[in-house]
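Visitor: Please show me the model. I would like to go through its salt bridges and one of its sheets.

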Amino acid sequence: MRDFLVERMKKGFIFLVFILFIGLGGVLVNRYYRLNYCNFTSKDGEDHAYYFYPDMTTDSVMALIENDYEVGSVLQRGRHIRKMELKKVEPGYYKFPAKMGDKVLIRRLKLGEETPVKLSFTHYLRTPEQLAGHISKQLLLDSADIASRMYDAAFMATYGLKPETAITLFLPDTYEVYWSMTADQFFARMAKEYKRFWTDERKSKAAAKKMSQSEVATLASIVESETNKQEEYPTIASIYLNRIRLGIPMQACPTVIFAQRDFNKRRVLKKDLEFDSPYNTYKHRGLPPGPIRCTRKSTIDAVLDAPRTDYLYMCANPDFSGTHVFTKSLREHQRVAAQYQRELNKRHVR
């Protein structure tokens, strides 16, 4: 009888150990699963993205995430946060999958492993302030910080530019960047894209026209401001190149508008031509000190590939088609210009 009881106790002990082993194994498997595979499950089955700012705490970040995700084990989430020492969340833009383990989430927040964002800007931006304001709406950057760097002669000199030509560094396009990048990182990235664009072939074309890269961009900015008809860009560029070569003032109305910073002006009057500014190409020969807007890559190429023509003048077409009439003599130009002025008066354009 005694041996029977001892045998039963042994079996009971073994069974208990087995149950404890199974239970412990289940706990360990569950912890491993929550850590490495899934502790956060999207409530709607979709990925979710967030912008985390520098002043946000770990608790506020977790609360924001848990608005969209079910947490399998809050206890383990807290344990993993402590074990992985997540004391501060790095600011940035993060996109998370519909299911994720604590390890991936915590590591990304701790190390700042952001998701890239799309940064875009266009040729409609004319001044450092406009560009800086546009960028600051898309990235965690202060517009004043960006603009101040563009006006800083020593800073821009590191990129071979001056404050007047700083805007040439920014070629309108869409770029993949990190939302929390610093101002210095932003300028370095734009400089990388700028160097990539200015290939040896493009540099050779600029040299053949006896122009620097900044001068090409400056002329392209004026050409682009004259019309939306891209097919006219090469011809317009040829006119200005001819005038510069012959020492004739460019007399480009967009430079007068830029000089006055009145970008709503639709009609340049005689009195405007007397506005005193180095950007007024009616008063000063040659190119202005720098571009009058961000300039598209295609327009820069149009300047580089501008044909040789005999045109010296251009005037908006009196039929208001948005095109231009190109002429070789002053008499022809004056005739077209008079027709255009009459049409402006008839339409009450001021």
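Predicted model: local features only at pLDDT ≥ 70, side-chain atom pairs only at ≥ 80, totals over all residues.

Visitor: How many salt bridges does the structure hold?

Guide: The criterion is a side-chain nitrogen of Lys or Arg within 4 Å of a carboxyl oxygen of Asp or Glu. By that criterion, the count of salt bridges is 16.

Visitor: Which helix holds both R149 and D145?

Guide: The two side chains form a salt bridge, N to O at 2.4 Å. R149 and D145 sit four residues apart, about one turn of the helix. Helices are DSSP runs (H or I, at least four residues), numbered from the N terminus. The helix, residues 143–150, is α6.

Visitor: Is R149 buried or exposed?

Guide: Buried means under 20% relative accessible area, exposed over 50%, partly exposed in between (1.4 Å probe, protein chains only). D145 has 30% relative accessibility, so D145 counts as partly exposed. R149 has 18%, so R149 counts as buried.

Visitor: How many residues apart are D184 and R149?

Guide: D184 forms a salt bridge with R149, with the closest N and O atoms 3.0 Å apart. This pair links distant parts of the chain: D184 is in helix α8 (residues 183–197) and R149 is in helix α6, and the separation is 35 residues.

Visitor: Is E343 buried or exposed?

Guide: E343 forms a salt bridge with K346, the closest N and O atoms being 3.7 Å apart. Both lie in helix α14 (residues 330–346), and because they are three residues apart, about one helical turn separates them. K346 has a relative accessible area of 58%, so K346 is exposed. E343 has 17%, so E343 is buried.

Visitor: What is the bridge partner of S42 in β3?

Guide: Strand β1 (residues 40–42) pairs with β3 over three bridges, in the antiparallel sense. In β3, the partner of S42 is Y69.

Notes
Residues numbered from 1 in each chain as written. Heavy atoms only, no water. Helix = DSSP H or I, 4+ residues; strand = E, 2+ residues; numbered from the N terminus. Pairing = 2+ DSSP bridges.
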